[in-house]
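User: I'd like to learn how to read salt bridges in a model like this one. Could you walk me through them?

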Amino acid sequence: MPYRRKKDSPGEWFHVCNRAVARRTMFEGAHDFAAFADALGATVADGLVEVSAFCCLHTHFHLLVRSVGGELDRAMQRAQLGFVRAFNRARRRDGPLLRGRFRARHVDSLAYRRLVVAYIDANPVTAGLVQRPWDYPAGSADAYVNGGGPAWLDRSWVEAEVRAAFAVERFEPSHYVQLFHTGFTRQQAQFVARQFRSGDRLVDVDRLLAGRSGAFAAWVEGRTRNANGTVGGGPVLPAEAVLRAAPSEPTLRTPCRALLLRFAAGATFAQIGAHL
């Protein structure tokens with residue numbers, strides 16, 4: 001979905017992407033990635049964004065960023081303008097390089113944020129450039145698994161997630177691979193891509209899966225207004241996430257999962273029966 005200023009508030013997370021105009025190449029070599037890294041690093045140094053994951057392919061880039069002060073538009077404008085100027089200056093060219101301002105998807109769920117990291121990491125594998133995400137030098141998976149990486153990469157959230165998941169005090173690269181990539185499926189990758197393209201708003205997945213009755217009741221009430229029983233908007237989270245849900249009230253687990261499978265994962269009644 002096109003980024004909208006009104007949705008940018010301090011501390012919010014976004015999946016950001018942009019492509020070169022007319023399907024041309026924007027990263028023709030390591031020097032172009034270095035120029036992009038310098039331009040993006042300047043916006044980080046100015047305190048506009050924090051970058052937790054990134055991947056630069058030949059024709060486009062993906063970022064997972066936190067908008068520190070609610071100025072994502074300003075941050076991306078500065079980073080992209082700095083890169084385009086360096087790209088054009090090195091080739092004595094002028095004119096646009098990028099397709100537009102940029103596209104951004106609000107990441108309003110912890111579960112979805114984790115999927116976005118895996119999705120961004122997996123891009124060079126999907127493109128057939130490498131066999132493993134951490135073998136690609138222009139992506140954050142390489143930094144997390146092999147060490148190094150740009151100084152502006154904010155590792156705090158990712159490493160905290162890994163340590164918490166394995167109940168350890170020290171970050172281990174192998175744990176990163178297990179948390180973000182073991183079990184990451186093609187269906188989940190398609191889900192992230194679909195959400196990015198469509199702009200459909202995610203339900204508050206974390207609150208729903210935590211079994212907080214108020215949020216769940218409000219969401220179900222809104223969904224049940226569809227009297228004809230259709231599922232509006234398409235799936236908003238994978239069935240795997242629903243099946244891992246554990247509401248705090250044991251007696252609600254099966255009915256909550258059934259409703260989420262139907263309305264959030266878009267499962268048919270037969271599929272729900274097979275799952276439960």
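Analyst: Happy to! A salt bridge here is a side-chain nitrogen of Lys or Arg within 4 Å of a carboxyl oxygen of Asp or Glu. This is a predicted model, where local features need pLDDT of at least 70, side-chain atom pairs count only at pLDDT 80 or more, and totals for chains, interfaces and linings use all residues. Residues are numbered from 1 along each chain as its sequence is written, and side-chain values use heavy atoms, leaving out hydrogens and water.

User: How many salt bridges does the structure hold?

Analyst: There are nine salt bridges. One of them pairs Asp 73 with Arg 101, whose closest N and O atoms are 2.1 Å apart. That pair links distant parts of the chain, 28 residues apart: Asp 73 belongs to helix 2 (residues 72-91), while Arg 101 lies in the loop between helix 2 and strand 4 (103-107). Helices (H or I, at least four residues) and strands (E, at least two) are DSSP runs, numbered from the N terminus.

User: Is Asp 73 buried or exposed?

Analyst: Buried means under 20% relative accessible area, exposed over 50%, and partly exposed in between (1.4 Å probe, protein chains only). Asp 73 counts as buried because its relative accessibility is 12%, whereas Arg 101 is exposed at 51%.

User: Which residue forms a salt bridge with Glu 161?

Analyst: Arg 114 does, with the closest N and O atoms 2.7 Å apart. This pair also links distant parts of the chain, joining helix 5 (residues 156-166) to helix 3 (residues 110-126). Glu 161 is buried at 14%, and Arg 114 is partly exposed at 36%.
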